[in-house]
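Please look at the sequence and the structure shown here.

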Amino acid sequence: MNLQFYVVLAVLCTSVGSVTEEDEGVKYANKCEVCKILAIELQSRLEETGKTHDVIETGYAVDDIKPKKKKEYKKSELRLIESLDGVCDRILEYNIHKEREDSTRFAKGMSQTFKALHGLVDKGVKVELGIPYELWDKPSAEITNMKTQCETLLEENESDIEQWYFQHQEGGESLKTFLCEKIVLRDQNTKCLNEQLKGETGDATIGKPKKQTDKNEL
């Protein structure tokens with residue numbers, strides 16, 4: 001029983017320790033994964049800001065003679081600007097889940113590996129990973145790299161996002177389809193866009209779960 005415990009601990013430490021070795025275990029996000037997460041986070045942000053029925057006034061009035069134009073906030077450029085502001089910073093809320101091999105390795109919530117390690121520490125077990133304990137939950141190299149890639153992708157495709165926002169989103173087309181599948185990944189592998197996290201206990205989903213209950217889904 002003790003031998004099995006130490007073998008499991010050794011495997012966990014080897015897996016997590018590789019995170020600090022940039023040349024021996026770090027697998028950065030590819031363009032598909034970066035675009036997918038950006039699309040999910042931006043649409044999530046838009047859902048948050050789109051719940052209001054506020055009306056904003058635009059334009060200039062001279063002595064209040066000429067009335068300002070009124071526009072619904074949820075259809076305004078202001079909403080898009082505010083939603084884009086800091087959207088890539090939200091990636092820092094993600095963690096690497098090394099027990100998964102597809103794009104769902106990028107997800108919010110603590111990985112099963114780190115849950116196990118934290119559990120050992122809570123029980124008084126000394127765990128050495130080669131990094132200070134207070135840095136265990138800091139964003140990994142993969143996450144900070146994805147944030148940088150997100151900012152670059154956002155800058156390069158801002159006009160495409162604006163086009164989707166004003167011309168396509170009301171028609172029901174997702175940003176993931178419009179931006180990632182049709183523009184960023186055109187003629188490239190788009191497999192990661194359809195990868196979803198199964199509803200395992202304790203796992204955080206990427207984006208909101210669908211309302212469908214089809215057992216064949218996923």
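## Disulfides of the chain

C35 has a relative accessible area of 0% and is buried, where buried means under 20% relative accessible area, exposed over 50% and partly exposed in between (1.4 Å probe, protein chains only). This is a predicted model, in which local features need pLDDT of at least 70, side-chain atom pairs count only at pLDDT 80 or more, and totals for chains, interfaces and linings use all residues. Residues are numbered from 1 along each chain as its sequence is written, and side-chain values use heavy atoms, with hydrogens and water left out.

The partner of C35 is C180, and the two sulfur atoms are 2.1 Å apart. They form a disulfide, that is, a pair of cysteine sulfur atoms within 2.5 Å. A disulfide is a covalent bond between the sulfur atoms of two cysteines. C35 belongs to helix α2 and C180 to helix α7, so the bond ties together parts that are 145 residues apart in sequence. Helices (H or I, at least four residues) and strands (E, at least two) are DSSP runs, numbered from the N terminus. C180 is also buried, at 0% relative accessibility. The torsion about the S-S bond of C35 and C180 is about -95 degrees, so this disulfide is left-handed.

How many disulfides does the count come to? The count comes to three, and the table lists them.

| Disulfide | S to S distance | Torsion about the S-S bond |
|---|---|---|
| C32 to C192 | 2.0 Å | about -105 degrees |
| C35 to C180 | 2.1 Å | about -95 degrees |
| C88 to C150 | 2.1 Å | -75 degrees |

The disulfide of C32 and C192 is left-handed because the torsion about its S-S bond is about -105 degrees. This pair links distant parts of the chain, 160 residues apart: C32 is in helix α2 (residues 31–49), and C192 is in the segment after α7 (175–184). C32 is buried, with a relative accessible area of 7%. For C192 the relative accessible area is 7%, and this residue is buried.

The link of C88 and C150 is left-handed, with -75 degrees about the S-S bond. It joins distant parts of the chain, 62 residues apart: C88 is in the loop between α3 (77–84) and β3 (94–96), and C150 is in helix α5 (residues 141–156). Are C88 and C150 buried or exposed? Both are buried.

With bonded cysteines counted along the chain, the disulfides follow the pattern 1-6, 2-5, 3-4.
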